[in-house]
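The geometry comes first, followed by the basis of the values.

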2 protein chains.
Amino acid sequence: MNESSHANAALIAIDWGTSSLRGFLMDGAGRVLEERASPHGIQNLPMPGIAGFEAAFAAVCGDWLGNRPALPVVACGMVGSAQGWKEAPYAACPADASALAAQAVKVPTGLGGSMLIAPGVKQDAPGVMPDVMRGEEIQIAGALALHPELADRARIVLPGTHSKWAVIAESRITGFATHMTGEVFALLSRHSILSRLMPEHAAPNAAACQAAFAQGVAAAQDSGGGDLLHAMFATRTLGLLGHLPHEVLRDYLSGLLIGHELVAGLRGAAGAGLVLIGDPGLCARYAEALALLDVSPAAVLPNTAPEGLFRFARAAGVIRLEGDTR
Amino acid sequence: MNESSHANAALIAIDWGTSSLRGFLMDGAGRVLEERASPHGIQNLPMPGIAGFEAAFAAVCGDWLGNRPALPVVACGMVGSAQGWKEAPYAACPADASALAAQAVKVPTGLGGSMLIAPGVKQDAPGVMPDVMRGEEIQIAGALALHPELADRARIVLPGTHSKWAVIAESRITGFATHMTGEVFALLSRHSILSRLMPEHAAPNAAACQAAFAQGVAAAQDSGGGDLLHAMFATRTLGLLGHLPHEVLRDYLSGLLIGHELVAGLRGAAGAGLVLIGDPGLCARYAEALALLDVSPAAVLPNTAPEGLFRFARAAGVIRLEGDTR
């Protein structure tokens with residue numbers, strides 16, 4: 001990046017999670033001028049305590065602030081958790097960017113200015129299963145900023161270790177559900193009896209792996225998603241009895257778990273446009289499973305945290321576009 | 001045990017699993033004269049290979065055979081798996097004690113005689129999810145020997161790391177399903193994000209734990225068992241948001257998982273008498289969950305492997321009761 005592009009800098013936006021930190025230098029129109037990544041997630045700081053947060057922040061953003069110490073700084077993610085730099089208590093559903101801005105907290109950066117941290121969102125009303133998210137609400141805000149046509153009514157799915165399914169109505173997150181799909185897959189494929197038949201270093205046959213994945217999705221669909229503790233054991237039996245080669249069992253299990261998530265998730269807000277956000281490879285896998293269930297995503301977006309942080313910064317009034325009312 | 005009781009010995013019966021070996025010296029009426037346990041399961045032998053099996057066997061049964069070298073020896077469990085002493089390939093459903101006897105395999109014990117190993121059972125027909133069991137089929141044979149009134153029609157549940165649900169008709173196992181409830185509980189409560197809120201050494205309040213267990217069962221029932229990947233995350237959220245004290249989250253998760261197993265399992269063979277077999281503490285927990293679903297077990301039995309091995313020995317003709325036709 002050259003100096004001339006940096007002259008437009010208007011915002012520093014930080015996506016600060018458990019295992020990594022990503023910093024974005026943005027201009028006044030929400031374009032990313034420069035992006036940096038650091039391994040200093042909140043559970044991997046260079047030193048303990050506040051000093052660790054300050055050092056990690058300075059390493060990524062220090063020179064950005066060097067000549068422009070007044071640049072506003074916003075952040076989202078686990079940095080605002082009870083284990084973070086400063087806790088930003090959850091905003092309650094229904095929540096939009098304004099609600100996030102209203103519950104944001106400020107912390108001194110150690111470089112003379114302050115950082116505005118977005119809260120997570122909680123679902124905590126009688127009669128629904130309680131749930132929490134922290135970080136995904138900003139990605140959702142980014143998706144709605146990029147695709148205003150979805151804001152009226154949509155389902156947004158963020159696949160991952162803990163997949164989130166959010167229902168959107170009138171630009172607000174009205175409800176959501178976390179599915180532990182990625183973590184359960186990791187536990188079962190590494191530490192359970194199912195892992196014993198899975199070769200460590202398979203030379204995969206792509207077509208066979210894809211077929212096994214589809215078979216797993218179909219098994220979830222056939223059962224209506226109601227027998228996961230039983231269905232997962234079939235991963236072993238299909239291998240033991242010679243119905244599937246061992247090198248595709250990992251894909252079968254992946255299809256089964258993603259299929260169970262989809263069958264459960266698709267029960268809510270049927271008919272609303274479905275948006276996938278996240279790692280392109282993982283989103284492609286979800287799109288593949290959705291296609292087997294005759295569902296086409298309305299959009300598939302990569303990480304929308306920068307756009308979401310920009311939207312949050314506007315809602316909080318730390319930067320303004322022409323026409324912004326606050 | 002004194003010598004006079006041993007004079008009646010007619011059979012050595014061995015339940016030989018992955019992590020332990022239990023030997024039973026039985027008389028000609030199927031009564032246990034003496035019982036011994038050893039930690040030498042097939043994955044924990046005193047030395048590798050055949051010599052390890054021979055040594056483990058001799059340590060437990062050597063003196064029983066010393067004065068009666070012709071005593072018949074039967075065994076069940078993982079000792080007959082591909083990783084066992086000698087593989088006894090699975091018998092197909094529907095299977096009864098005669099089918100097990102017909103597919104038993106013999107291996108020299110190293111002490112001059114031989115051991116007859118029962119096969120496991122497989123469900124491997126088109127249109128049903130394939131499944132396998134090894135060891136439980138003998139416990140089921142034992143339960144039917146003890147309770148002949150169940151043999152016509154029953155559901156037998158063996159709770160555990162891998163719970164088995166078997167459907168019995170006309171004394172035969174006509175179908176079954178494995179649920180990975182115990183293993184998933186262990187993985188989630190020890191290694192997942194859910195474990196972080198669970199205190200290592202809680203001073204449990206028994207009433208609060210029981211209430212949390214019941215709440216988990218109710219959550220499974222309310223959802224119809226179709227959202228496990230989502231529902232399990234609520235274990236964390238209920239703690240985070242202060243709805244459940246951290247020291248009862250383990251019981252909530254236990255209730256949720258057992259509840260999901262029961263909701264799925266009870267869909268099959270409705271109306272048939274339900275029998276629980278296994279560790280009394282675990283069976284009590286299952287009976288408690290069943291009561292919350294308005295189901296009363298017809299019987300709760302401890303380990304019925306000795307009775308099952310005796311039944312198997314009779315079916316194989318290695319011992320005879322008056323009236324046996326073979």
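At what angle do helix α9 and helix α10 of chain B pack, and how far apart are their axes?

1. In this predicted model, helix α9 (residues 249–265) and helix α10 (residues 280–292) of chain B pack at about 70°, and their axes are 10 Å apart. Axes are lines fitted to C-alpha atoms, for helices over the stretch in contact, with angles from 0 to 180 degrees between N-to-C directions. The helices α9(B) and α10(B) are therefore roughly perpendicular (65 to 115 degrees). On the α9(B) side the contact (heavy atoms within 4.5 Å) involves Asp251(B), Ser254(B), Ile258(B), Glu261(B) and Leu262(B), and on the α10(B) side Arg285(B), Tyr286(B), Ala289(B) and Leu290(B).

2. Helices (H or I, at least four residues) and strands (E, at least two) are DSSP runs, numbered from the N terminus. Two strands pair if DSSP finds at least two bridges between them. Chain A has an open sheet of six strands with mixed pairing, in the order β3-β2-β1-β4-β7-β6. Its edges are β3 (32–38) and β6 (105–108) of chain A, each with a single partner strand, so one side of each has no neighbour in the sheet. Direction ignored, neighbouring strands of this sheet are turned by 25° against each other on average.

3. β6(A) and strand β7 (residues 114–117) of chain A run antiparallel and are joined by four bridges. Pro108(A) has Ser114(A) of β7(A) as its bridge partner. Helix α2 (residues 49–66) of chain A packs on the sheet and touches β1 (9–16), β2 (21–27), β3, β4 (73–76) and β7 of chain A. The direction of α2 makes about 155° with that of β1(A).

4. In chain B, an open sheet of three strands has the order β5-β8-β9, again with mixed pairing. The edge strands β5 (91–92) and β9 (131–133) of chain B each pair on one side only. Two bridges link β5(B) with strand β8 (residues 121–123) of chain B in the parallel sense. Ala91(B) is opposite Val121(B) in β8(B).

5. Chain A can be laid on chain B with an RMSD of 0.0 Å by a turn of 180° and a shift of 0.0 Å along the axis. The superposition is by least squares on the C-alpha atoms of residues with pLDDT of at least 70 in both copies. The two copies are thus related as by a two-fold rotation axis. In chain A, the C-alpha of Gly226(A) is nearest the axis, 2.0 Å from it.

6. Residues are numbered from 1 along each chain as its sequence is written, and chains are lettered from A and ligands numbered from 1 in the order in which they are written. Local features need pLDDT of at least 70, side-chain atom pairs count only at pLDDT 80 or more, and totals for chains, interfaces and linings use all residues, while side-chain values use heavy atoms, with hydrogens and water left out.

Definitions and conventions. Parallel < 35°, antiparallel > 145°, perpendicular 65-115°, else oblique.
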